[in-house]
Structures are given as structure tokens and as C-alpha cells.
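Here are a few notes from my pass through the model. Have it open while you read.

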Amino acid sequence: MTGETTVRTAVRIHGRSAQRQAVRTLLDGLRTRGGHLVVTGEPGLGRTTLLRWAARSFRAGPVLRLKPGPDRHARVTAEELPATLRAAAGGAPLLVCVDDAHLWDAPARAALGRAAERLHDAGRVGLLLSVAGHRAVDPEYAHLPLVRLDPLTPPQAEALLDDVTDGAVDPAVREELLAEAEGNPALLLALVRRLSPAELRGRRPLPRPLADAGTLAEVAGAALTGLSADARDLLLTVAAAVRASDGPDVDAGLVLDAVRRLRPSGAPAPPLEPPPAPLALADDRLRFHGPLVRRTVHATAAPDRRRAAHRALADVLEGDGRLLPGLLHRSWSLTGPAPLLAERLAAVAADGTVPASYELRATAYTRAAELTTDGPARAERYTAAAEQALLAGRPDRARPLLAAARAGTAPAIVRGRAELVRGLTELRDGPVGDAHQSLLLAASLLAPDAPADAATATLAAVDAAWAAGDLPACLATLAAEPPHRDETPAHRTTGTRQPAAPVAATVRDHRAGMRALLEGRLDRAVVPLGQVVERAGTEDRPEGLLRSAAAALLLGDVDSARRAGARALAAARQLGSDALVPQALEYLAYAELRAGRHPQARAHAEEGLRTALRAGQRNTAAHHQAVLALAASIEEEPEVVARHVTAALTTARRHGLVQAATLAEWAAARADLGRGRPLDAADRLGLLVLPGPGRGHFAVWRLAVPCFVEAAVLAGRHEDARAVLADYAGWAAFGADPQAAAQLARCRALLAPPERADGLYRRALARHDEAGGDFERARTELLYGKWLRRRRRPREARGRLGAALAGFDRCGAGVWAEQARGELRALGAAPHQEGAGALTRLTPQQLRIARHVAEGATNREVALTLAVSTRTVDYHLRKVFAALGVRSRLELARMVEQAEQGRQAEKTGAQP
């Protein structure tokens, strides 16, 4: 241990919102009834911390902490325990906390488990247990409701690190600490304690390995006590085998064969059923219940025994012809450099005919580099490992590998490849201005010997400038003379590049088309970008398909963008390229959004957000958050819009993502406009679309012009609205946005005198017939209906407003549908729907709340039942009353009852 750092206690629990809500529901319910809950999680994830938080949070009565006696045996039976607890409560609610309940002996566990079922007899008593997650839940507790603690997300782990160090950690050290901790808060704190202040600030080299045996044992060593020698051999062999596996589990037969080689001649292999507590056996596959215990087993084993386990695995795998994992285990059985083995390992990792994931190839290249004595070769292998780690969606692994590559001398082509990986990593998960510079440097280093890779780096530099909203940098990068040689580079890393000729053609056409588009020469952009789109028909690599999707979006061909994006997604998944899946989903979400299909956009963005966070791509996640905000902005969920906008802007401001920031601000303004707040919407949108230094992204602000014109007209800012229409008319004429022509006619109608407005609204509706899209057409119908009502043409207005309401209902635009209902009510023609037809307008959450209220539950009781806040129930209930046109709980109950009766009658009538 080298540490001198004293780690202060975190001032708050980071993350765990869902788990705390479950515990809070238990605590709140104790005012009226008993309850029980089990908390589980791997060592270090905070089971004890959560129980302490529950004890501090409970104010309704006393807290009792139960511990086993010296013999770990309960002193009362299951039948006696409820009465004992009732006596301890003294008539008040009682919370009973039992930490590490898995350590109790079997009779004690049985007593606790059976007592939990009898708590309703004990009155208002709550039982909160914690059990270890590195082993299967004991059968005595398996029937109880369970809350599982998962590793912290990257933002939560970052917040914890900043909390305990006041943000004083060097950025590179910070990345390594977060990657090594893998979201385990106790391990993260132990790693910080291990380091000295100079090491934390990057002034001294970090100890290697960072998470050594002592640090891992401090956090998870207790999970390995009391194991037999046979069990330890079995655990060690599984832990060693997983290091060269493509997943968290390994073949049980492989493990048993290797264990036999570890044992004295003739000694039988240990039985697998039941496996030792840290292991699970299913379908002849063995895995650890949690990754931290697996790491601890491997790190704390005696070095000679660990090398023997790897040697035994290598013998079995090589005998079965599994070359790459066999070589990896052979390398781990050695100490010191091994140049010949390193060369062979690198060659097999580069062989595309050898089946292996990107992550396994990254591991192989890394081990080859560690065994290499030659400086340039070592740098090349670390760079190849970083390329594979990035493709595997592990930028956290790529960064330290790039740092290791930089430590030695290397030829220009290797340094160029390293800068390309560094730039792509920052493009997806760092400041995009830094990414732009790294990618430009990569292009210059690669140009002499790897022109196809240089062209890829150049186009990626354009992507970085585009994300930053830097139009001059985009044009300067596009104008740079591309390398003319098109031969394939001598070195190839499996799975990272396409054949040079198709790449060169795609890059050339994409650059030419994008440059013409950004220079305003729209007529010269169509042909080259169209050729990029057409190549999607013969393309099968995800990188090329993504370029086709991007070109289609630039041209406004959303159908082609959807097709190319869907094929790119399938190709990325088939190749196991976790880095490209979030990008493919991003293009799909944008295409659906541009087509006005908000529910589909939301579905793609939700999956994209999950995969982006899993792959460590915060920038891509910010773009998905912005899409989710835009999708939610048409619904009755202002708190959801605010949450996504805040998340998108947090990353966008930190990393310079002007495109994501513009989309998020547009979403917030559109939500204001939908809720009848045009002044706020006009103020926010004016900053995005009006000329000035704060104008939004050069390729996005025009999309927000129709919203601004509507808000500005309603706010009385007609001149500001007119100021942006001339530019928008040119944009609409280009055809890059399928909705633009109809939206332009609608904007002109809003600003036109009465004698012209009628015809312009009709023209807009005709254009909507050509473009499709329920939401934008319904908005035009709504504005036209409002205009007709003000002109005292009620019959026509009623038809337009009814069509608007139907369109909004069809696409789930609840907040806009409420505007249409309000206009219809003002005409005396509010839609009256009773029974099931009315309830279909409610969201699933609103419907659940409506049914509980109809059954007589109070708002607080509904909140406890659904595990939400009372404020959330109040908000949704107001929306339910407005949507159904009811004024009291009694009216709501009658409507729900009629709906249920109607549905029952339909079922009865359908029977023969």
C-alpha cells in the first residue's frame, strides 16, 4: 500500500434512487401496516449504507437492529418473533434492520423468513434485510421481495469521486480510477485511499496494478473465507478462464479438465454440484455471481498457483484447437518478456478468420505488447489494442492503452493510428474541439502511407467540427486537399477498416456534397450526396451504411436514412461492434424525428441512450437525450422534458456539443409553446434562430423556425418572425426537410392579412398531404381552426379543430391535444366521450392512477401503491380530470365504472 490520502466520508448517497424509493415505500407504509424487503448486492455496492440510511430516515417510531448471537442462532422461534417485535414497538411503528442476514445459521434464517410472512400479525412492523449478492439468495429469503444494488453509472461514480476528493484528481488518473472501480463505490474509495496526493494529482506514476490484491481483498476478501482447497482451485480456474472468454461464463467441461491437470496424478476433480457459493452453474456453464469477487479470486491467489491454472487451461484449449484463448493463457503462465510468443499472439489477433470478439482481440494485443521488448513494435500493439477496445465500446480501456503506446517511439503511421483512435474516443466521449485537433493530426500523419485511413480521419474531423457547430472549421477541413493514393495500408487490424477503394469513393463524394451544401451551393450537393446514399444498396459494413444514412439526412431523404440506419444497426450488432450501435440508433432516431414519427424516435433514442451509456459514449448519450426531450415535448410530461433537457445540456456545455444543445433548447421551447406559454418559447427560440453570436447550430436552427414564428406571432413579435422567413424559404426550397414546405406556408399564413391567410393555410395542408406526418399536419389544423374561430366561422373551425384533435391523439401529442380540446370547448363543441373510449386518451400512468382513485384511494395511498411521490399523483390527476372533462372524484369513478362495464359487455357479446 502506498497511500497517504485520507478519504473523507461522502456527504450523500450517490445514485440508488430506485432502491431508496423502494425502501421509502416500505417505511411510509409502516404507518398503517407491516412489510418486509430484502436488499442484495455484491460486496462494496452499499448494502450496509442503504440500511443505515433507512434507519436515519425512519421517524415514525423506534429502529431495532438485530444481530445473530455468538453462535449465529436466533434466540426466538418464528412463531415467537412477531410477538417479541410487537412488544419492542410499544404500539408505535417499528423498523427492524438485519444486515448480512445470509451469515445467520439455517435455523435463524428460517425463523427470520417465516417471521417476515407473519408481520401482519405483529402490527406496524417492517423487516429490512440485507444479504450478499456474490452468492445465490438463501431459500429462506427467496420468497421475499428483493431490491438489487447494481454498480454505479459512470456519472454517479464521477460524482462520488468528486465528492470525496473535492474534484482534485488529475483527469487521466480520474479515468483510470473510474475504469478500475467498474462502478463499485467501496472499491473506488479504496483505490483513492491507496494513492498518495501526488499520485492523485498525476505528479507521480501510479502503482501497477492499480487494483492490487490487497485493495481487492479489502473490499471483497470476506466473501472468500472458509473455502476448502478444492473450492479455491475451482474458483481460481473459473476466474482465470473468464479472462480469455468472450463472456462472463465458461464451459464447465473446460474448467474440470484444467482442474484435473492442477491436481496430483489420479486425484479426482472436485464435484460441481452444488458449486461453491460464489459460482453459479447453468446449462453446463460456470460463472461468478459478481465480477468483483472473480477479480479478487484471481488477484489474491498465490502467483505460482495462478500461473499453473493458466498453464492447465492453455494445455486444454490448445489441444482442442482454440488457438487465441490458448495462447493468451500460455502467455499468462509466463513471467518476463517473450518476444516470439508476443509475435505469434499479435498475428493470431490480427487474423480475421479466427473467431473472437473485439474485446478479446484487445486483450490479446495488450498482452502481446506487454511481452514485447522492441519499442516501436510494443507501441504498435498497444495502438492495435486501443483500436479493438474502441470498437468493443470500451473507451475506458482504450485511453490507458493509448497512453502506453505514447510512452515509446513509433513510426508516423502508428502514431497516426493512435491519434485516430484518440480522436474518435473524444468525439464520442470528450470535448469535441480536442477531438477535431487529434483527428486533423491523425490525417496528416496517415496521409503518406495510409491515405484511406487519412481520409477517414478527415471526415471524422468534420464530424467533430459539425458537433461543435463550428462552420468555418467544417469548411476548412472539407477544403483540405485529400490524399490521392488509394492503396491499402500495409498494416491492417482486423475489423477496423473497409477496402480502400470504396472508402475513398464514399469519402470523396461525402466531402464534396457536404462542402457544397455548407457553402449554399445546394444544386451541387445533390449528386455527390445522392451517390453516397445509393451505395447503401451494395454496402454491408456499418461504417459505410452510417455514412449513407448521414448523407440521406442531409438531403432530407428520411426513408433512405431509416433504411441505411437500420442496416447499419444490424451490421454493427452482427459484428459485435458496441461502439457503432449507439450511432446507428442516433441516425434512426433523427430520421424518425424528421419524419414526424415521435413515438418511433423515442423508442430508438431510449435504446440508444442505454447502449451509449453502456459503451461510455457521453456525447452520443447527450444527442439521444436531446431527441428524447423533443419527443417528450409534444406529450403531457413537462418533468420528463426538463430531465432530458438538463441531462443533454450538462454534457453539451461541458464538451462543446452545440448541435445537442440546440436540439435540447428547442425541445424546452416547444414544450413551453405546447403548454400555452408563447412568451417564454419566443424568448428561448429567439436566441436560437435570430442572427447573433448566440445563434444555434448552423444546420439545426432552421428546423426550429416554424416554432419560433408561431411563438413570436402569439407574443406580438411579428417583425422578428418575418426576419427569419426569407432564409427559411431558401431552406424549404432545397428540400432537405420534408415538412419544410408545409411549415413555410403555415408561417406565412400566421403573418398574412386575413384575405390571404385562408389560402395559405389550405396550401399548407395540401403540402402536408404530400409530406405525411400526423403531428405537423395537426398543428396546422389547430392554428387554422383557431383562425377560423376568431373569424366567426364556427362550423369550419369545428371541423379543423376536430381533425387536429384526432391527429394529436393519433401521435400521442397530449399537450397539443389539450389545446385543441380547449378550442372546441370555446366553440361549445367539446368532445364528449364516456366509457372506455374516453379512457383510451389517458397515458398508462394516468390510467393506473384513475383506477385507484375510482376505487376510493387517497392521493397519498395511490403514491404509496405506485411508488411515486404525492406531487406526481396530484399532477397526473389534474391531467386526468382535464382529459376526461370531469370535475370530481365521483364523476371520475362513474366514468371508470362505465368503462369497465362496457369492456365486460364487449367480452360477453364476443362469446358464442
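Are Tyr784 and Trp787 buried or exposed? Tyr784 is buried, and Trp787 is too, where buried means under 20% relative accessible area, exposed over 50% and partly exposed in between (1.4 Å probe, protein chains only).

A word on the ground rules. This is a predicted model, where local features need pLDDT of at least 70 and side-chain atom pairs count only at pLDDT 80 or more, while totals for chains, interfaces and linings use all residues. Residues are numbered from 1 along each chain as its sequence is written, and side-chain values use heavy atoms, with hydrogens and water left out.

1. Aromatic pairs. The structure holds seven of them; rings of Phe, Tyr and Trp (its six-membered ring) pair if their centres lie within 6.5 Å, with planes under 30 degrees apart counted as stacked, over 60 as edge-to-face and the rest as tilted. Tyr761 and Trp787 have ring centres 6.2 Å apart and planes at 50°, so this pair is tilted. The pair links distant parts of the chain, with Tyr761 in helix H37 (residues 754-771) and Trp787 in helix H38 (residues 774-790), 26 residues apart. Helices here are DSSP runs (H or I, at least four residues), numbered from the N terminus.

2. The neighbouring entry on my list is Tyr784 with Trp787: ring centres 6.3 Å apart and planes at 35°, so tilted. These two are three residues apart in helix H38, which means about one helical turn separates them. Ring pairs link Tyr761, Tyr784 and Trp787 into a cluster.

3. Charges over rings. Arg243 lies over the face of Trp332, 4.1 Å from the ring centre. Arg670 has its charged end over the ring of Trp666, at 5.6 Å from the centre. The test is NZ of Lys or CZ of Arg within 6 Å of the ring centre and within 35 degrees of the ring normal.

4. Helix H10 (residues 229-242). Its 14 residues reach 20 Å from first C-alpha to last, close to the 20 Å expected at 1.5 Å a residue (that is, 1.5 Å times one less than the number of residues). Of the 14 residues of H10, 11 are buried, so the helix is largely enclosed by the rest of the structure. Among them are Asp233, Thr237 and Val242.

5. Pro337. It sits in the loop between helix H14 (323-332) and helix H15 (339-350). At 58% relative accessibility, Pro337 counts as exposed. Not counting residues up to four places away in sequence, Pro337 touches Leu371 and Thr373 (contact means heavy atoms within 4.5 Å).
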